[in-house]
Structures are given as C-alpha cells and as structure tokens.
Amino acid sequence: SQTRSFCYVEDMVDALIKLMETPTAIIGPMNLGNPEEISISGLAKQIIRLTNSSSTISFQPLPTDDPRQRCPDISFAKQVLSWSPTTPLTTGLQNSISFFRTQTEMS
C-alpha cells in the first residue's frame, strides 16, 4: 500500500539540464521528480498487464525504515525552471519494457 512516484529518465534529464543552466543566484534545495503517486501494488499490476505476464504479486512485511509515502513537491522547480514532467507513467513503462525486451533479444 506504500506509494512512490516515478519520473521518466528523459524528463529528469531535461530538468537537470534546466537546473544547470540557472543563474548561480538561484540557491536552495530543489525537488525534481514526478508528483503523481502510485501504490507499489498498482505499479506491479500495471507492469503485469503491460507485459502480458502471468506473474502473481506477493505481499511481504515492510522494512521498518521504509517510508509509506514518497512524493516530491516540485513547486520550486515549476517556478524557477518552468519545468514539470511530461511523460505519463504508462508511456514510460511501455518505453522501458520495449528497451529491456530489445536488450534481452540481443543477449
């Protein structure tokens, strides 16, 4: 039931480039990432569906130091960089699945 947010690598690289190009007067921590959360079980179900897998999900106890929720506040990045991620999770997963399938076929 814990949640996470996932940012597609091209979106993150875009944010990092914009951050590197900011004037040096801009200081302070800046969160980058995708503020849309998904439960880990929801993510697993989506991956199973996208890969047509017959895998099943098994639930294990959470480690004691595992946060139940992780979601960045990117309001400062939106303000300073005029940036927010543009790749939907499903698109990022489909791209990643295609990439890994290609890698598997090559080996």
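This is a predicted model: local features need pLDDT of at least 70, side-chain atom pairs count only at pLDDT 80 or more; totals for chains, interfaces and linings use all residues.

**Confidence first**

The average for the protein is 93, and 100% of the residues score at least 70.

**Fold**

Next I counted the elements and found 4 helices and 2 strands. Which pattern do they follow along the sequence? I read β-α-β-α-α-α.

**Dimensions**

I then looked up the radius of gyration, which is 17 Å, whereas a compact globule of 107 residues would come out near 13 Å. Along the principal axes, the C-alpha atoms fill a box of roughly 50 × 40 × 20 Å.

**Burial and contacts**

What share of the 107 residues is buried? My note says 24%, with buried meaning under 20% relative accessible area. For contacts I took pairs at least 6 apart in sequence, and 84% of these join residues at least 24 apart.

**Surface and charge**

The accessible surface comes to about 7,700 Å². Carbon and sulfur atoms account for 54% of that surface. Last, I turned to the charges: the protein has 8 positive and 10 negative ones. How far apart are their mean positions? I wrote down 8 Å.

Methods:
Residues are numbered from 1 along each chain as its sequence is written. Side-chain values use heavy atoms; hydrogens and water are left out. The radius of gyration is taken over C-alpha atoms; the globule rule is 2.2 Å times the number of residues to the power 0.38. Buried means under 20% relative accessible area, exposed over 50%, partly exposed in between (1.4 Å probe, protein chains only). Contact means heavy atoms within 4.5 Å. Accessible areas come from the Shrake-Rupley method with a 1.4 Å probe; for residues, only the protein chains shown count as cover. Lys and Arg count as positive and Asp and Glu as negative; His and the chain ends are not counted. The place of a charge is taken as NZ of Lys, CZ of Arg, CG of Asp or CD of Glu. pLDDT is the predictor's confidence in each residue, from 0 to 100.
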